[in-house]
Amino acid sequence: MRCFLKKSTGIVLILLLALCSLLVSCSGAHKKSLSRSLAEIQASDTLRVLTMYGPVSYFIYKDEELGYEYEMSKLLCEALGVNMQLIIAPSESAMIEMLTQGKGDIIAYKLPCSLENKSQVLFTEKEYVTNQVLVQCKSDSMVKDVLDLCGKDVYVRKGSIYDMRMRDLNNEIGGGLTIKYAPDSLSSEDLIASVAMNETERTVSTKDMAIMSRTYFSNIDYSVNVSFPQRAAWAVGTDSKELCGFVNEWYSDASKQRAFKKIYLKYFEKSKYFEANGLPKIGGKNSISPYDDLLRKYARQIDWDWRLVAAVAYKESKFNPATVSWAGACGLMQLMPKTAKSLGVENEVDMFDPEKSIAAGTKYLKKLERIFSNIDDKNERIKFTLAAYNSGPGHILDGRAFARKYGKNPDVWEGNVEPYILLKSEPEYYTDSICKSGYCRGEETVKYVDDVLSKWEQYKQWGVPK
């Protein structure tokens, strides 16, 4: 009997051990299956790319999807021979969680190479090195070294990573640095803009943000480092070694460097802002431009003052029909290729034809105005239409949604919707669930509306017939 019991107990133990082994094996197999193999990705014809909204990574501008990481991801998908499924995450931690849960194949974002992140993901060799820098206007008296910051003011947002770094730096240099706090409504980009326009003496940002901002403001300097270098990179799942190897080989391929450089130039070197100081008179006597007759003709078709349409054309291209923007907008009215095509301009060459550009541009203005047809006040409706012409209607609809959420009037631009367009460059706002179009360089849109309306008033003062 004892022998039988011993044998039975032994059998039970063996069965239990086998069961545990099976469960562990199944658990391990399930864990492995969370990341798709390179062959599975190619067989599915889709690479699931995780990223976040941001001024460099991914954003929507004039109804076009843009962003450095976005365009690099498209090149990677071309190399893989697959389509791209873009998945927008609300935060870095959410991106990592989605990757580890098998909801995405790759993180195309500057993910910090911290020890904690290294334990959860496999970093590729598509690596970035950045650091925090002092942003100031170029001048003979500008700060040349961090030690020169003694007795100087630096503007940052309270509680930001820049605030913490300035506190530490102040201790490191022995004190004397004055940290000034900017309003919470100002983003890092807003602070850089205020420095460029001599409204603020200096601020701090990441170097890549400063490089990108230089394409808007050529007078800023970011040569003074205020932190140690920090590494960031794209990442894949810890068991996605084949995909990681493919990305590394793709990124190091010398034959692809020209395409990579072209995208880099677009976002980090090509000027994104041109605007004359003041408002020179381009036309002759009793005229605004060489295209006044065309502007009159098509403005009548949408029931707008032609001088307002002229102000849009001047702001967009300075009446140069050959203009091409950094984002690919073309012609007098600076329409994006996809938008122009939807308005009947099929041939890319036709985008540079003054009449076709004005015809399509005014048609687009009317189309945008209809989106805001529930705004009774025509003057207000014009402001919303102009804002949408600059950034795309999605961002303006987001601004109206924020106005409703915070008890403001969604039908009034100044002091109501306008402030939330500015705040759409802040992660707290562009990651909000009611924000459908994500990041927006709101300062540019707000300035655009002001500039066009100002030009319209000036054109009317010139005495040019209506």
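Predicted model: local features only at pLDDT ≥ 70, side-chain atom pairs only at ≥ 80, totals over all residues.
Close-up 1. The side chain of Lys266 makes a polar contact of 2.6 Å with the side chain of Glu71. Leaving aside residues up to four places away in sequence, Lys266 touches Leu66, Glu71, Lys272, Trp326 and Ala327.

**Close-up 2. The aromatic pair of Tyr251 and Phe260.** The whole structure holds 25 aromatic pairs. In the one formed by Tyr251 and Phe260, the rings are stacked, at 5.6 Å centre to centre and with 25° between the planes. Tyr251 is partly exposed, at 25% relative accessible area, whereas Phe260 is buried, at 5%.

**Close-up 3. The aromatic pair of Tyr364 and Tyr389.** The ring centres are 5.7 Å apart and the planes stand at 50°, so the pair of Tyr364 and Tyr389 is tilted. Because Tyr364 lies in helix H14 (residues 354-371) and Tyr389 in helix H15 (residues 378-391), the pair ties together parts that are 25 residues apart in sequence. Tyr364 is buried, with 6% relative accessible area; Tyr389 is also buried, with 2%.

**Close-up 4. An aromatic cluster.** One cluster is formed by Phe59, Tyr61, Tyr267, Trp326, Tyr430 and Tyr439. Trp326, a member of this cluster, is also among the residues touched by Lys266.

**Close-up 5. Arg400 and Lys460 over aromatic rings.** Arg400 lies over the face of Phe384, 5.7 Å from the ring centre. Lys460 lies over the face of Trp456, at 4.1 Å from the ring centre.

Technical notes:
Residues numbered from 1 in each chain as written. Heavy atoms only, no water. Polar contact = N/O pair within 3.5 Å; in protein donor to acceptor, adjacent residues only side chain to side chain. Contact = heavy atoms within 4.5 Å. Phe/Tyr/Trp six-rings, centres within 6.5 Å; stacked < 30°, edge-to-face > 60°. Buried < 20%, exposed > 50% of the residue type's maximum accessible area, 1.4 Å probe, protein only. Helix = DSSP H or I, 4+ residues; strand = E, 2+ residues; numbered from the N terminus. Lys NZ or Arg CZ within 6 Å of the ring centre and 35° of its normal.
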